[in-house]
Amino acid sequence: MADAAITVEDAHKTYGGKEGRKAEGAQGAEGGDGSKGVKKALDGLDLRVARGTVHGVLGPNGAGKTTLVRVLSTLLRPDSGRVEVAGYDVLSEARAVRLRIGLLGQHAALDEELGGRQNLEMFGRLHHLGGRQARVRADELLERFDLAETGRKPVRSYSGGMRRRLDLAASLVTAPEILFLDEPTTGLDPRGRAEVWSAVRSLVGGGTTVLLTTQYLEEADQLADRVSVVDRGRVIADGTPDELKSRTGGDRIDVVLRDAGQLGAAVALLPLPAADVRVDTDRRLLSAPVTDRMTALSGVVRALEEGGIDAEDVALRRPTLDEVFLHLTGHGDGADAGDRANVKEAV
Amino acid sequence: MSAYALTDSWTMTRRELAHWARQPVQVVVSLVFPVMLLLMFGYLIGGGRAVEGDYVDYLVPGMLALTMAFGLEGTMLAVTQDLNKGVIDRFRSMPMADGAVLVGRSAADMLQSTIGLVVLIGVGLGLGWRPHAGPGQFLGAVGLLLLFRFAMLWVGIQLALVAGRPEMVQAVQILVWPVGFLSNALATPAAMPGWLGVVVQWNPMSQTATAVRDLFGGPGGESGHVWAAVVWPVGLLVVFFPLAVRRFRGLGG
C-alpha cells in the first residue's frame, strides 16, 4: 500500500547449524525450539509500518528482533515471504532500499581506528555526497550530536554513549526516509539513554519513519506510536502503547513484607482484588494490578498499619515486559528466553 | 556493477591509507620485518646452502618472493578483523558498489607490498646484491613478484571469508612459515633430500623465485620459468578471485 513505509508479509528465516550459532552468538540467545543448531528466527512474521511514524518492536532476546532488522536493512536474505521497504523489495531492489535507509545496529557499525569525523566523511562519500558535501555534513552531525570536540580522536577511545551517538549520526548521513534502530539503548547508562531518546524524538519531527526494537516497555512507551510485540519470530500483538498496557492490566502495586509467613494474611487483608494478586514467597512479595494509583497506595499502607503487618517496601510501578508477556502469551518469558523450550505453543 | 564502482573503491582505499596514518608503527614494523629476515639469513643462518656464486645474489630474489608470500597473512588478518567489526554491516547496508570493500583492501595491500619491495631491493643493493638485468627484465621481475602477491592477496581474502575467526589467522600465520620455507627461497633444492626437493620445486613460490632469479641474471635462475611464474598465480586468481567475490556477496546468507 502506498502509505506503508515497511510491509512484511509472512516472512520466514531459519538459521541452520553453524550459521545459526553465529547469528545467535551475536544476539547472545539460545536456540529456542529445541532442535539442534537450527533456529526459526522469523516464523511467519507480518508487519506494516505507516510512513512518518515510530514503530516499536518489543520482545525478549531471541524473539527475532535483530533478524527482522537485518532482513529489513538488506543484510540478511529472508527464506520466504514478501518484504518491502519504502516500496522496494529487499531482495530484488536492495540498492533502492539502501539508498533510503539508515541503520543503527546493536553493535557500533563504525571504523574504530578512525576518528569520528573521518567516519562520517567516509560514510558521506559512500552515499555519494561528494567530498565537499561529505565534509560539511560530517561537521553538521558532529555539532548536532555534541561530538565536535572529539571528532579527531579514534572511535576506539570513545565512551559507550559517545559511540552510540556517533553511530546514530552515521546512520543519518543522508537524512534517510526510514531509520532502523536495533535496541538503541541497550547497555547505555540512564544519561546515554536519555540522549538517544531525545535524538530519536527530534528525528520524528522531520518526517522520518523509525522502526525501533527494544526489550523495554518503557522505551516503546516513550518513543513509539505503535508497538508490535514479537515472540518466537512472529507478531503476537500490536497496538498503541496504551492499548497494550491496558490489556496487560496497567499499573501494579508491589508490597514486600519482612516475614513471608504473613503473606497469606496480607492477601486477605489488603484492599486488592484477591484473584489478581500474585505471591512470590522467596522474595516475600505480593503484587497486584491497580486502577487508581493513589487510592490503591494509601489504601494498602493504611491496611498494613491497621493489620499490624510489617512491610519493607511498598511501590507502584508500570507493568514489566515479563508481565506483558505473561499476559499476551500465557508463558512467563521476560528478558530471557532460556526456559522457552519447556513451554508449548501458547497462542 | 554500479556507476560508483571507482569512487567507492577509492573511498575504501583511502580508508586503508587513513589506517596507516593512524598506525605508523605497524606500517614500519611490516616493512622492517622482511629486512630483518634478509639480514638474518644473509649473515646469521644462511651462508651458502650449496649455492654456486654469491649467496646474496641467490638470497635477495628469494626473500622478495618470500615477502610476497607472507603478505597473505597480512591480508587475511585485515579482512578477518574487518568482518568481525560492525562497520562491515554499515558498508553492506549502504548503496555502495559491491566489490569496493575488497578492491580497497587489495589496492592498499598492493601499495604496501610495492613499498616493501622497494625497501627490500634497496637493502639488498646495500648488502652487495647486483642484478645483471636490463630495465625491461628488472621491471618484468618486479611484475612477476607483484602478480604473485596479488594471487596471495585473493587467497588471503578467501581464507578470511571462509575461516572468519581471529584464531584461524593465527593458525595461518604459523603455517605460512613452513610453507614459505618449503621453497627454494633460501636454499637450492639440490641440497635437499630427493623427495623434499620435488615438493619444493612444485611450490608456486619457487616458480616465481626461479623466474625472478633468471630475470635478475643471478644464480639459481632457469630460463623458461617465467611462464610457470605467470601461470601459477593466474591459475590461483582464476580460482580464488571469483570464490572470494561470491563469498563476500553472499554474506547475507
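This briefing describes the chains, strands, sheets and contacts of the structure shown above. The structure is a predicted model, in which local features need pLDDT of at least 70 and side-chain atom pairs count only at pLDDT 80 or more, while totals for chains, interfaces and linings use all residues. Residues are numbered from 1 along each chain as its sequence is written, and chains are lettered from A and ligands numbered from 1 in the order in which they are written. Helices (H or I, at least four residues) and strands (E, at least two) are DSSP runs numbered from the N terminus. Two strands pair if DSSP finds at least two bridges between them.

**Domains of chain A**

- The domain assignment, which is automatic or taken from a database, divides chain A into domain 1 (4-246) and domain 2 (251-317).
- Taken over C-alpha atoms, the centres of domain 1 and domain 2 of chain A are separated by 40 Å.

**Antiparallel strands β1, β4 and β5 of chain A**

- Five bridges link strand β1 (residues 4-15) of chain A to strand β4 (residues 80-85) of chain A in the antiparallel sense. H12(A) faces S80(A) of β4(A) in this pairing.
- β4(A) is also joined by two bridges to strand β5 (residues 88-89) of chain A, again in antiparallel fashion. Y88(A) in β5(A) is the bridge partner of V85(A).
- The hairpin formed by β4(A) and β5(A) has two residues between the strands, and A86(A) in the turn has a positive phi of about 55°.

**Parallel strands β6, β7 and β8 of chain A**

- Strand β6 (residues 101-104) of chain A pairs with strand β7 (residues 178-182) of chain A in the parallel sense, over four bridges. Within this pairing, G102(A) stands opposite L179(A) of β7(A).
- β7(A) also pairs in the parallel sense with strand β8 (residues 209-214) of chain A, over five bridges. Here L211(A) in β8(A) is the bridge partner of F180(A).
- A residue is buried if 20 or more other C-beta atoms lie within 10 Å of its own, exposed if 12 or fewer, and partly exposed in between, with C-beta atoms placed from the backbone.
- Both faces of β6(A) are covered, with I101(A) and L103(A) buried on one side and G102(A) and L104(A) buried on the other.
- In β7(A), five of its five residues are buried. I178(A), F180(A) and D182(A) point one way from β7(A), whereas L179(A) and L181(A) point the other way.

**Open sheet of chain A**

- Four strands of chain A form an open sheet in the order β12-β13-β11-β14, with antiparallel pairing.
- The edges are held by β12 (278-280) and β14 (311-317) of chain A; each has a single partner strand, so one side of each is left without a neighbour in the sheet.
- From one strand to the next, the twist averages 15°. Axes are lines fitted to C-alpha atoms, for helices over the stretch in contact, and angles run from 0 to 180 degrees between N-to-C directions.
- β12(A) and strand β13 (residues 285-289) of chain A run antiparallel and are joined by three bridges. R278(A) stands opposite S287(A) of β13(A).
- Helix α11 (residues 293-307) of chain A lies across β11 (252-257) and β14 of chain A, and runs at about 170° to β14(A).

**Chain B as a whole**

- Chain B contains 10 helices and zero strands.
- The radius of gyration of chain B is 19 Å, close to the 18 Å that the globule rule gives for 253 residues, so chain B is as compact as a globular protein of that length. This radius is taken over C-alpha atoms, and the globule rule is 2.2 Å times the number of residues to the power 0.38.
- Along the principal axes, the C-alpha atoms of chain B fill a box of roughly 60 × 35 × 35 Å.
- Of the 253 residues in chain B, 43% are buried.

**V101 of chain B**

- V101(B) lies in helix α5 (residues 100-126) of chain B and counts as buried, with 23 C-beta neighbours inside 10 Å.
- Not counting residues up to four places away in sequence, V101(B) touches M12(B) and F91(B); two residues are in contact if their C-beta atoms, placed from the backbone, lie within 7 Å.

**Contact between chains A and B**

- The contact takes 29 residues from chain A and 20 residues from chain B.
- On the side of chain B that touches chain A, α1(B) supplies the largest share, seven residues.
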